[in-house]
Amino acid sequence: MSLTILPKPAFQEFVSRMLADYRVAGPTPKNGAYVFEEIHDASELRMDYPTTLLPPKKFLLPTREVLFKYTRQNGGVLQDPPESPPTVILGVHTCDLHAIQLLDTVFSSGQYDLHYMNRRKKTLIISIECLNPCDEHSFCKSMGTLTADEGYDLHLTDLGDRYAVDIGTQAGEQLLAKYANARAADKEDIQQLNAVISAKWPKFPYRLDFDVSELPSILELSMKSPLWQELGDRCLACAACTNVCPTCFCFDVKDEVELNLVDGQRVRQWDSCQLDEFATVAGGHNFRASRALRQRHRFMRKGKYILDAHKHLGCVGCGRCARACIVDITPVGVFNELYRQQEAGS
Amino acid sequence: MVAIASYPQTQVIPNFERDIYLPYLAKIVDIRPMTALEKVFTIELPNGMSLGHRPGQFMEVSVFGVGEAPISISSSPSRSNGTFELCVRKVGDVTTALHNLKPGDKVGLRGPFGRGFPYENFRGKDILFVPGGLGLAPLRSLINQVLDERAHYGRVIILYGARNPGELLFKDELKAWGEREDVELHVTVDRGDETWTGNVGVVTTLFKHISIYPRNTVGITCGPPVMYRFVLMEFFGKGISEGNIYLSLERRMKCGVGKCGHCQINNIYACQSGPVFSYREIKGLEEAL
Amino acid sequence: MSANGKPKIAFFDFTSCEGCQLTVVDSLQDHPELLNAVEIVQFREAMSEKGEDYQIAFIEGSCTRQSDEARLKAIREQASIVIALGACAHLAGVNALKALHPLEDVRKYVYGDKWEWYETYDARPIEAVIPVDFAIPGCPIDRNEFIAVVKALLLGKKPPIPDYPVCVECRLKENICMYTKGKVCLGPVTRAGCGAICPTYGSSCEACRGFITNPNQDSMKDVLEEAGLSVEDITAIYTMFTTYQVREKLLQKG
């Protein structure tokens, strides 16, 4: 829509004012790494963070959430309307922004997921342009997620002593009008924005050896690749890859009950296709018993299945799974190897 | 991996008010013990509602405090007067808890879910049913639907196999089907006992007893995972075409609404696109069989 | 079942530090309402009364002498549900370490010149002596898990002991992975349920809860080797709590 300017002291002020009315979450330091956490003071934020352990997804799809409460006494179900506070998530990188757009599609299309969508509707996203690669594992440029032109309410670009603020939605515009003292961008601001953006792109390498548009067909032809068995031999099935993934959305549902054995709640929690029991039915048959097939399933989802179903790639190139994997199974390594095998075979 | 992307999905009109995970309550009106492991539950919907299901669809059944499990509907739409039936094998926490319930108790329900059998397309054709073990539970829904509109179909052939005589389900109905002149029923058990005088052997050994007109026959099977490949070979051996073979596939349908991921077969959510598939639809799916 | 309809439960101890029973006492303080749901008829750690009419037996400790077997069999005879409580009962735990040395040396080291007075044999988990229905893993057990198991039993459910690795809980807590810190950790092969408590407080997982059903031990061993550990180091890590299981596995392989 339009570009405005928020000097950094005014940004701090903006955050402080929002804190009065919103739950505000953003990147904060933790034990030498960074996590998205609810903040209580603007000074807790580290907007120049490289990456976080878990993606901001956890504020939209919590690791664990109550779906409803029940009482066993007369078999009654007490609907607990999913309530979440109005939330602003600050400092979302564009890879994660693309991931949230996918999650929005997954939970709003087909059967409508009230729990996710109620939270989503109450959430404003203020994203930030990445100006430097976070580390050697990210491959956002190859995946087309190094920038975003939608999915945010406000989008920041760091111009040194001030942020350029791109307004993405009317809600973002209202938020800015109500809580911030922004000024309109002048010619000099726009020049500097241009300089910053054109300086950033060369810093990010392409890491895939092929164009991402080829990824679905590469995967489609790789169902029988020997690579899956190699991955299965190495994979510890610890599920770190899927647990840190910004696009993974598989879940399990469990009943919990109080010690009075009468009151209880049904709980949804993150699950992982990499875990042994994921595809096991009550009779005991496991439809994806080998780690090799589970790794194949994971990568097929990331680069093909989710694209087929939801028109968004299931991988945004954030590199979290590569960082988290103890045995160095990385999407860049896997995708490039499958490409190499096909080139060698053809 | 052919034409998977264009696989027909269940069309769903989003409902922005309703919580798709919230069950409604229904009353168990009758429980019939069937075998040592299986009971048949008759469930009455609230306010005289009709389930409006198709044969082959499944329900998500809750016993609060224990959890929720997917269970296929074993009664036919033609016989649902405000009630429906579930044949439940005691195999996990939820099904064990169900077995401990009594008539009058309530359960939570979501559903019906999934794509059932397109039985209207079978009209005018001969139907060869091949249930194995508990696979009779979902197929019974279709068999009774077909029998209740018998004139629409050609021959009805049922080849049913169980592990032993004690595990045969719906024995009274088997007897009735066997006595009908318009049903060809063959039953076998893997291992007989002193009372058993019928066929012994796995279900595929029954194919030698029948001859069919393949161009006009629909082959339908449901049973334990190990059974499908062998039954398919028999269907092919009889000359039934891929598009005329229907299978109901078991998977872990946790949410029933295409989100949780547990029932995925390659890129297909069995809870949405299945559990009933024609063989033509799944033959390219590595993980289907 | 007692007259009030509550199931009667009893606690027993064999070779152990009794820390798991202490954890039970602790969870009773947090959840006194548990006593509305069950009746405890025997619990040496917490009460002096002693009833022999119980349905659920919790057994702490491993079996380390022949003469304990009769007592275990009597418990099995009485109880309809037997639960191994904690690593010693579940795995034989650290008690099994003595199997790595000649038994006579161990006896002399512990009991000095009176070594022949004291009976002992290789420590074994309870399930090596009598059938065990369920185990609550851990050294010590997790108090929330204990409560969850009791609730499940009262509802007739299988106890909710996870069969996925500690890494799942560790990642969701946003801990820094021990491997990122340059340390080794058995989290990837160890059964979760502890809330990854050790890594959360900066210590590596030592597999006190035993292994998941299908651990990738070959890859785990490669990871430890790549981290620079010698065969002796790896053996030391693997034998902390799981000596009995590792030895059984080796015996199976011949």
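This is a predicted model: local features need pLDDT of at least 70, side-chain atom pairs count only at pLDDT 80 or more; totals for chains, interfaces and linings use all residues.
Two strands are said to pair if DSSP finds at least two bridges between them, and strands themselves (E, at least two residues), like helices (H or I, at least four residues), are DSSP runs numbered from the N terminus. With that in mind, one can look at chain B, where B:I28 stands opposite B:I43 in β2(B). Residues are numbered from 1 along each chain as its sequence is written, and chains are lettered from A and ligands numbered from 1 in the order in which they are written.

Strand β1 (residues 24-33) of chain B and strand β2 (residues 38-44) of chain B pair in the antiparallel sense over 6 bridges. Both strands belong to an open sheet of 6 strands in chain B, with the order β4-β3-β6-β1-β2-β5 and antiparallel pairing. Because β4 (67-72) and β5 (83-89) of chain B stand at the edges with a single partner strand each, one side of each is left without a neighbour in the sheet. Neighbouring strands of this sheet are turned by 40 degrees against each other on average, direction ignored, where the axes are lines fitted to C-alpha atoms and angles can run from 0 to 180 degrees between N-to-C directions.

Chain C, by an automatic or database domain assignment, is divided into domain 1 (8-155) and domain 2 (166-253). The centres of these two domains of chain C, taken over C-alpha atoms, are separated by 24 Å. If contact means that the C-beta atoms of two residues, placed from the backbone, lie within 7 Å, then 17 residues of domain 1 of chain C are in contact with 15 residues of domain 2 of chain C. On the domain 1 side, helix α4 (residues 87-91) of chain C gives the most, with 3 residues.

Chain C also meets chain A, and here 27 residues of chain C are in contact with 30 residues of chain A. On the chain C side, α2 (34-37), α6 (143-155), α7 (166-172) and α9 (217-226) each supply at least two residues, and the largest share, 4 residues, comes from α7(C).

As for confidence, chain C averages a pLDDT (the predictor's confidence in each residue, from 0 to 100) of 93, and 98% of its residues score at least 70. For the complex, the predictor gives an ipTM of 0.94 and a pTM of 0.94.
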